[in-house]
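Visitor: I would like to learn how to read a fold like this one. Could you walk me through it?

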Amino acid sequence: MNEHKPEESLKIENIVASAKVTDSLDLPSLASQLKDAEYNKKRFPGVVLRMQDPKIAALVFGSGKVVLTGAKSIDNLSRGLQILAEQLRALNIDIPENLTYKVQNIVTSADLGTPINLNKIAVGFNLDKIEYEPEQFPGLVYRLDDPKVVVLLFGSGKLIITGGKVPEDARRAVQRILSELSSLGLI
């Protein structure tokens with residue numbers, strides 16, 4: 001039988017990053033000139049631009065800051081920022097050639113490949129690092145310090161890792177969870 005490797009099940013679900021593209025932007029003007037731009041100042045203080053390829057939303061603020069969300073890879077994130085920059089340059093807005101972004105959060109899913117007993121884990125893990133209230137939420141919340149991420153563990157063996165800054169953080173978190181579960185005899 002083929003052995004399941006949880007590290008191979010890792011899948012980036014969402015990357016959120018921020019960038020500064022210019023010093024200020026005229027949002028009403030931007031919204032009127034960009035195709036598919038959404039701007040409703042009463043509902044949200046920025047222009048929302050939804051891209052289809054890659055499937056990313058860019059939240060553009062008057063300060064010249066941008067938040068990109070929905071990327072499934074670092075490459076898509078970079079492409080999305082380039083597309084946004086080209087759209088803004090096409091409107092004669094002065095945008096630097098080499099834009100940089102800062103990853104704020106990477107959300108990754110993983111599968112341990114086997115159901116786990118959250119009650120036993122709640123007893124075995126470091127209590128000041130976990131929250132487990134099954135009446136409130138069906139998962140166990142485990143806060144790691146290294147890497148600095150939060151892992152949601154579900155009885156099905158599925159995991160959600162959030163708070164990572166690089167894709168490697170999720171892999172390290174899964175390895176650490178596996179190591180702790182096996183040292184407690186729980187997998």
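**Strands, cores and rings**

Guide: Strands are DSSP runs of E with at least two residues, helices are runs of H or I with at least four, and both are numbered from the N terminus. This is a predicted model, where local features need pLDDT of at least 70, side-chain atom pairs count only at pLDDT 80 or more, and totals for chains, interfaces and linings use all residues. Residues are numbered from 1 along each chain as its sequence is written, and side-chain values use heavy atoms, leaving out hydrogens and water.

Visitor: How many bridges join β4 to β5?

Guide: Two strands pair if DSSP finds at least two bridges between them. Here β4 (residues 55-61) and β5 run antiparallel and are joined by four bridges. Strand β5 (residues 65-71) also pairs with β1 (residues 11-20), in the antiparallel sense over five bridges. Follow Leu68 in β5: Ala58 is its bridge partner, and Ala17 stands opposite Leu68 too.

Visitor: Which residues touch the most other members in the largest nonpolar core?

Guide: A nonpolar core is a set of buried Ala, Val, Leu, Ile, Met, Phe, Trp, Tyr and Cys residues joined through side-chain atoms within 4.5 Å. Buried means under 20% relative accessible area, exposed over 50%, and partly exposed in between, with a 1.4 Å probe and protein chains only. The largest core has 28 residues, and Val21, Leu30, Ala58, Val60 and Leu84 touch the most other members. Among the elements giving two or more residues to this core are β1, β4, β5 and α2 (74-89); α2 gives the most, with five residues. A second, separate core of 22 residues includes Leu112, Val149, Ala170 and Val174.

Visitor: How is a pair of aromatic rings described?

Guide: It is described by the distance of the centres and the angle of the planes. Rings of Phe, Tyr and Trp (its six-membered ring) pair if their centres lie within 6.5 Å; planes under 30 degrees apart count as stacked, over 60 as edge-to-face and the rest as tilted. The count here is three aromatic pairs. Phe44 and Phe61 form a tilted one, 5.6 Å centre to centre with 55° between the planes.

Visitor: Why is the pair of Phe137 and Phe154 edge-to-face?

Guide: Their planes lie at 65°, with the ring centres 5.8 Å apart, so the pair is edge-to-face. Phe137 counts as partly exposed, at 33% relative accessibility.
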